[in-house]
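Trainee: I am new to this structure and would like to go through it step by step. Could you show it to me before I ask about its parts?

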Amino acid sequence: MELQQELQRMGHGDHLCLVYETAEQQWDAIIPYLSEGLERNEACLYVIDDRDLEEVRQAFLARGVDVDGYVRSGQLTFATKREAYLRSGTFDPAAMIAFLDQTVQEALAAGRTGFRVTAEMTWALGQECGCERLIEYEARLSHFFPGSRASAICQYNRKRFGADIIRDVLRTHPVAILGNQVCPNLYYEKPGMVLGQESTEQRVEWMIQQLQRFRTAERKLERAVQARDEFLSVASHELNTPLTSLKLQVQSLTRTLARGDTTALTPEKVARTADRTDRQLRRLSRVVSDLLDVSRIHAHKLKLILEPVEMRELVADVVERTSAEFAWAGVRLDIAPSPKVVGLWDRSRLEQVLLNLLSNALKYGAGKPVRVEVKLDGERVRLSVVDQGIGLREEDRARIFERFERAISANEASGLGLGLYIAREIVQAHGGHISVESQPGAGSTFTVTLPLDA
Ligand code: ADP
């Protein structure tokens, strides 16, 4: 299943090799790859050699692909090595690439969205002349595919090829499918390295770069795992704090009732308890809805409900809703005079973005006044929240929009590090972007830029 999803992501420009040992491995990769191309209305070519046509046909049928229909419509073609690689009787890499180029152009001219090809490379084991230039051809292909509207999987049956060829195949394909894994290929060398006379110096340089690239990728993963662990502990804390407070309130109420002393329950006291309970419940539900949003974003299920929205009105609404919190903290919150701007947006999602920016401005604003501005900039609106608080260091400015990322420790201010990540996803779903200008100690200005027509 994982293999299928990864293969579905492959497309224009990709040059993959499949190194397989069993028919199952072969079909598990090739059939989803070609089916995806057929669904995308790409012209598809399958060069048969190791198997016979009927075997391939049956494999497609067994996996529910209407292979005959696609062949009849001309979208899928099966060819032999004589019809593809050995058209002139001998194999010539340059001529073959010219042929591929022409086939792509013809497919596009016929209204197809691209071209994908797969070949059983055992043809190259034949005695025909030119077959010894196989690796040169593979290296040239890695030059041809990037930037083209075509892609390929070259199939290498490991039982039929010697280790020397498989080694060179691994040097010439940027991505290798091995069993049920799609592997970015650490051993891939640029065409110039395979074809040219590289110096030892160049090889050493390449080896060092590969090692560094590998380590950087590994570090990124380590950091992600660490951030997730930290997040789990912060999230439990964020859920636990309001829960503890709620538990205490209920216990105190139960004790009062048990004593039978209902005179202590004055309307003022009950109102205060209700107010505190409400605040804790809101805090809990904010944490839970942030968590839900993150999983929605992850599953690509963040849907916008677009309607005409007047930005000034939306700002006034949100400011009104947060005014009690600002007043309670003794922080001034102003709206700068702004024009009336109507756009096609998701009202409640944009309210969520502004609420988050305002609550950050309150949290990190050092008690100084906060201002909201709306400006029209051609076909776009710019919504800014300006604070004069602790600000951000340059190295933190990009990072804080990522999941779980915070520029401050859990001891200094509570939070999950999700608000800005969710805000960025919402803004981007509207075709807009969010950015921050800030200096440590000199406050921050977060600006959301949105097209009027999302
Ligand atoms: P949270 O506030 O829950 O940690 P956010 O995703 O909203 O999560 O923000 C991520 C981090 O960005 C915060 O932890 C804080 O370090 C930093 N940050 C956000 N807004 C501001 C601001 N107005 N001023 C300074 N730092 C900020």
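Predicted model: local features only at pLDDT ≥ 70, side-chain atom pairs only at ≥ 80, totals over all residues.

Mentor: Residues are numbered from 1 along each chain as its sequence is written, and side-chain values use heavy atoms, with hydrogens and water left out.

Trainee: How are H9 and H10 oriented to each other?

Mentor: Helices here are DSSP runs of H or I with at least four residues, and strands are runs of E with at least two, numbered from the N terminus. Helix H9 (residues 200-259) packs on helix H10 (residues 267-298) with axes 9 Å apart and an angle of about 160°, where axes are lines fitted to C-alpha atoms over the stretch in contact and angles run from 0 to 180 degrees between N-to-C directions. Angles under 35 degrees count as roughly parallel, over 145 as roughly antiparallel, 65 to 115 as roughly perpendicular and the rest as oblique. H9 and H10 are therefore roughly antiparallel.

Trainee: And how is H2 oriented to H3?

Mentor: The axes of helix H2 (residues 23-39) and helix H3 (residues 53-62) come within 10 Å and cross at roughly 70°. That angle makes H2 and H3 roughly perpendicular.

Trainee: Which residues of H2 make the contact with H3?

Mentor: Contact means heavy atoms within 4.5 Å. On the H3 side, the contact is made by Glu55, Val56, Ala59 and Phe60, and on the H2 side by Trp27, Ile31 and Leu34.

Trainee: Which residue has a polar side-chain atom 2.8 Å from an oxygen atom of the ligand?

Mentor: There are 21 residues around the ligand, and Tyr364, Asp387, Arg406, Ala407 and Leu420 come nearest, a residue being near if one of its heavy atoms lies within 4 Å. Asp387 has a side-chain N or O atom 2.8 Å from a nitrogen atom of the ligand, and Leu416 places a backbone N or O atom 3.1 Å from an oxygen atom of the ligand. The polar side-chain atom 2.8 Å from a ligand oxygen belongs to Tyr364.

Trainee: What is the phi value of Phe404?

Mentor: Phe404 lies in the loop between helix H13 (394-397) and helix H14 (419-429). Its phi is a positive value in a residue other than glycine, near 70°.

Trainee: Where is Ala366 found?

Mentor: Ala366 also has a positive phi, near 55°, and is a residue other than glycine. Ala366 is found in the loop between helix H12 (347-364) and strand E11 (370-377).

How values were computed
Polar contact = N/O pair within 3.5 Å; in protein donor to acceptor, adjacent residues only side chain to side chain.
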